Amino acid sequence: MNRDHVLGRTRPFGIALDTPVRKPASPRRLADLAGLFADEEARKAAADRVVYRVDAAPVPEQQWELPFSITTVEPGDVSGELFMTRGHVHETPDGEMYYGLRGHGVLLLFDGTGASWVEMRPGAAGYIPPGWAHRSVNVGIDPYRFLAAYPGSAGHDYDAVLRDGMGARVFRDGGGFAVLDAGGNPVPEAPRHSL
Ligand code: S6P
Ligand code: ZN
C-alpha cells in the first residue's frame, strides 16, 4: 500500500463531540441483548428498554483508516447487573482507545483467561490491548458517553463474547458497583497512569 493509493479516499473533517447527534442511531434494546445478562428472564421482561446507541463518524471501516464513534449507555440494570454493551473482540487483534465524555462507566476487558477493568469518567482514557475482548458498563445514574477510536481493519466478533463471556460481570453494590468474577470474587482494577 503506498501513499498515493490512500490519498483521496477520505477527506479531512472535524466533528463536535458533545453536541446532539445529527440523526438518531438505531438503539440497542434489551431485546437485542439475548444471552448476555445473567438473568435472562428479567431481560426478556423488559425487552423494550433502550440500553445504548452508537453514533459513528463518517469514516469507512477499511485498512489505514481510523474510524471513531460515540457510544451512549443509558443508566439501568437487569436484576442488579448494570446496563452494558454487547462486547466484542476485534477480528484482527488491533488495539483501541476509549475517552470518557460524560457520566461514569467501566471498561471491562477479558483476555480469554482473566478479566480486568478501567474506571471511566470524563477526561479519562482507557486502553484496550490487542486481542482483549471489551465491553462498556454504565455504573452511574446519568447516561455514560465515551469516544472510541480503532483501526479500520479491526472488524468485530460478537460470537466470541456470547460464547465465552467476559470473565466478569458488573453489579450494583449499595450506592456503587462491584466487578465480580464467575466465583463472585472482586476483579482488581487495572493500573492508572498520569501523563
Ligand atoms: C468499536 C468500539 C465501540 C463499540 C461500541 C458498542 O470497536 O469498541 O465503538 O462498538 O461501544 O459496543 P458493541 O460491543 O455493541 O460493539
Ligand atoms: Zn472495539
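Figure 1. Y99 stands opposite A125 in β9, and in β11 the bridge partner of Y99 is L147. The model shown here, as in every view that follows, is a predicted one. The pairing of β6 with β9 is antiparallel and runs over 4 bridges, while β6 and β11 are joined, likewise in the antiparallel sense, over 5 bridges.

Figure 2. An open sheet is formed by 6 strands, which follow one another in the order β1-β2-β3-β11-β6-β9 with antiparallel pairing. At the edges stand β1, residues 28-29, and β9, residues 125-128, and because each has a single partner strand, one side of each is left without a neighbour in the sheet. Within this sheet, β2 (residues 50-56) is paired with β3 (residues 68-73) through 5 bridges in the antiparallel sense, and V54 is found opposite T71 of β3.

Figure 3. Which residues come nearest to ligand 1? Of the 14 residues around the ligand, these are T71, T85, R86, A148 and Y150. The elements that give two or more residues to this shell are β3 and β10, the latter made up of residues 133-138.

**Figure 4. N138 and the residues in contact with it.** N138 belongs to strand β10.

**Figure 5. The largest nonpolar core.** In soluble globular proteins, nonpolar side chains tend to be buried together. The largest nonpolar core in this model has 40 residues, of which V106, L107, L108, L109, A115, W117 and V170 touch the most other members. At least two residues of this core are supplied by each of β2, β3, β6 (96-102), β7 (105-110), β8 (115-120), β10, β11 (144-149) and β13 (176-180). The largest share, 5 residues, comes from β7. For L109, one of the residues that touch the most other members, the contacts beyond four places in sequence are with A115, S116, W117, I128, W132, A133 and H134.

**Figure 6. Two loop residues with positive phi.** W64 is located in the loop between β2 and β3, and its phi is near 80°, a positive value in a residue that is not glycine. There are 14 other C-beta atoms within 10 Å of W64, so this residue is classed as partly exposed. S79 is located in the loop between β4 (77-78) and β5 (81-82), and although S79 is not a glycine, its phi is positive, at about 50°. With 15 other C-beta atoms within 10 Å, S79 is partly exposed.

**Figure 7. The hairpin of β12 and β13.** Strand β12, residues 169-173, pairs with β13 in the antiparallel sense over 5 bridges, and R169 has its place opposite L180 of β13. The hairpin has 2 residues between the strands, and in it G174 takes a positive phi near 60°.

**Figure 8. The protein as the setting for the close-up views.** The protein contains 3 helices and 13 strands, and its C-alpha trace spans about 55 × 35 × 35 Å along its principal axes. For 195 residues, a compact globule would have a radius of gyration near 16 Å, and the 17 Å of the protein agrees with this. Of these 195 residues, 30% count as buried. Among the contacts in the protein with a separation of 6 or more, 68% are accounted for by residues 24 or more positions apart.

Note on methods: Residues are numbered from 1 along each chain as its sequence is written. Chains are lettered from A and ligands numbered from 1 in the order in which they are written. This is a predicted model: local features need pLDDT of at least 70, side-chain atom pairs count only at pLDDT 80 or more; totals for chains, interfaces and linings use all residues. Two strands pair if DSSP finds at least two bridges between them. A residue is near a molecule or strand if its C-beta atom, placed from the backbone, lies within 6 Å of it. A nonpolar core is a set of buried Ala, Val, Leu, Ile, Met, Phe, Trp, Tyr and Cys residues joined through C-beta atoms within 7 Å. A residue is buried if 20 or more other C-beta atoms lie within 10 Å of its own, exposed if 12 or fewer, and partly exposed in between; C-beta atoms are placed from the backbone. Two residues are in contact if their C-beta atoms, placed from the backbone, lie within 7 Å. The radius of gyration is taken over C-alpha atoms; the globule rule is 2.2 Å times the number of residues to the power 0.38.
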